[in-house]
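Trainee: I have a new model to read. Can you walk me through some helices and a sheet?

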Amino acid sequence: MNRRDKWQGQLTVRVTGGSPERFFNLCSFHGIWLEAMEQTEGGISVLMKAKEFFQAARLAKKADVKLRITEKKGLPFWMKRSRKRLAFYMGILLCLGLLYASSLFIWDIHMEGNLKYTDSTLLQFLEEQGYVHGMAKSGILCEDIEKAIRNRYNDITWVSAQITGNRLIIRIKENELTEPEQEAEPAALGHDVTAKKSGKVVSIITRTGTPQVHVGDEVEAGQILIAGTLDIFDEGGNLLKTEQVQADGDIIAATLYHYEDQIPLSSPKKHYTGEEKERHYLWLFGRRLFLPGGKNHYELFDETDTYETLHLWENFYLPLGYGTVTAREYEEALQVLSEEEARAKADKRFEDYCKSLAALGVTIKEAACSVEVNGDSCIATGTIYAEEAIGK
């Protein structure tokens, strides 16, 4: 019996009594094919198609034989036995269909390498560009994402967007310096050293070039300190020629900083009461479905949202998850500083400012700060005398 008969169903039938030979001849005459005939103790065992059994049963009466089904095989009988489990098998098919459908969408956007910009900041920017959880993978162009992020954030030097499974993985590299680090290139001949800020020259060391100022000179920002030229004289002191060189040297100048700061004596401040409410939710196909209970009735509160997306393996995420929204109640309070507290705070901020200058290589010679309380504010004014390198 071929494979098609197994799909349609086949029977193992035992033939007993009467005239089995006549029964077999009648079956052959009517086109009923019997296979695998085998003599057993209880009769003759044969295989036949399930759909031909009732026709064979009528012929059995003519041959005065009895037919007894001993085994049923094939899809129709399997489905009949599985009727009670039909919902189970349908559930499996439905689950497979949902898994396939979910593989066509992005259910997790993952960021790597970001330090300065948080995940929520970058995800909000992507949402503004139309890239959200639950969007079809076919609508994503990784090149466009990379270009958009580079154009928006100048201090992100490298971006790579990649779709893996049903995840969108974005790897970025931020510039760790405040200014782009460039390879040092030789300055063009004739390059001058100029002053980056005003001051009074206290020392000058020229390595190449011609100094244009002397110790004790007052200089302004942008003024040439060392010219990128070199005069060559003969033994008699006559000028032979002037060559263009790269000016180089160290110029230290006395500089002056004026400091001003204002601290309000009263400012708004959040005072958390300690009351919290948690609301749990299910995350389904990009939507949050909140469970009953936990809703807060606070007038003023902060919220934090934590959630977890379910996944079968590393890069295959499901459109299912769960999360918790925590609300913390606070009251608006007015922080009032006493005169002594305001003065101490002003002194501390002036001290921190001086430390920040020292960290930049500024040598502080003298620093003075006066603090006055005037109405609703504490006003600090100061003067800092320093020495620092001003050449650039």
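Trainee: Which residues of helix H2 are buried?

Mentor: Keep in mind that this is a predicted model. Buried here means under 20% relative accessible area. In H2, residues 20–29, that picks out Pro-20, Phe-23, Phe-24, Leu-26 and Cys-27.

Trainee: Where do the buried residues sit, seen down the axis of H2?

Mentor: They fall within an arc of 160 degrees, so they line one face of the helix.

Trainee: Which exposed residues does the face turned away from the buried side of H2 carry?

Mentor: Exposed means over 50% on that scale. Glu-21, Asn-25, Ser-28 and Phe-29 are the exposed residues there. Note Phe-29 in that list, while Phe-23 and Phe-24 are buried. Read the position, then the residue type.

Trainee: Which residue just after H2 takes a positive phi?

Mentor: Gly-31 does, with a phi of about 80 degrees.

Trainee: Now the sheet. What is the order of strands in the open sheet of 3 strands?

Mentor: Start with order, then pairing. The order is S5-S7-S6, and the pairing is mixed. S5 (108–112) and S6 (156–164) are the edge strands, each pairing on one side only. From one strand to the next, the twist averages 15 degrees.

Trainee: In which sense do S5 and S7 pair, parallel or antiparallel?

Mentor: Parallel, over 5 bridges, with S7 spanning residues 167–174.

Trainee: Which residues of H7 are buried?

Mentor: Cys-142, Ile-145, Glu-146, Ala-148 and Ile-149. They cover an arc of only 165 degrees around the axis, which puts them on the same side of H7. Glu-146 is on that buried list, whereas Glu-143 is exposed on the face turned away, along with Lys-147 and Asn-151.

Trainee: What do the buried residues of H7 pack against?

Mentor: They pack against H6, S6 and S7.

Definitions and conventions. Residues numbered from 1 in each chain as written. Predicted model: local features only at pLDDT ≥ 70, side-chain atom pairs only at ≥ 80, totals over all residues. Heavy atoms only, no water. Buried < 20%, exposed > 50% of the residue type's maximum accessible area, 1.4 Å probe, protein only. Helix = DSSP H or I, 4+ residues; strand = E, 2+ residues; numbered from the N terminus. Arc of directions from axis to C-beta. Pairing = 2+ DSSP bridges. Axes fitted to C-alpha atoms, helices over the stretch in contact; angles between N-to-C directions. Contact = heavy atoms within 4.5 Å.
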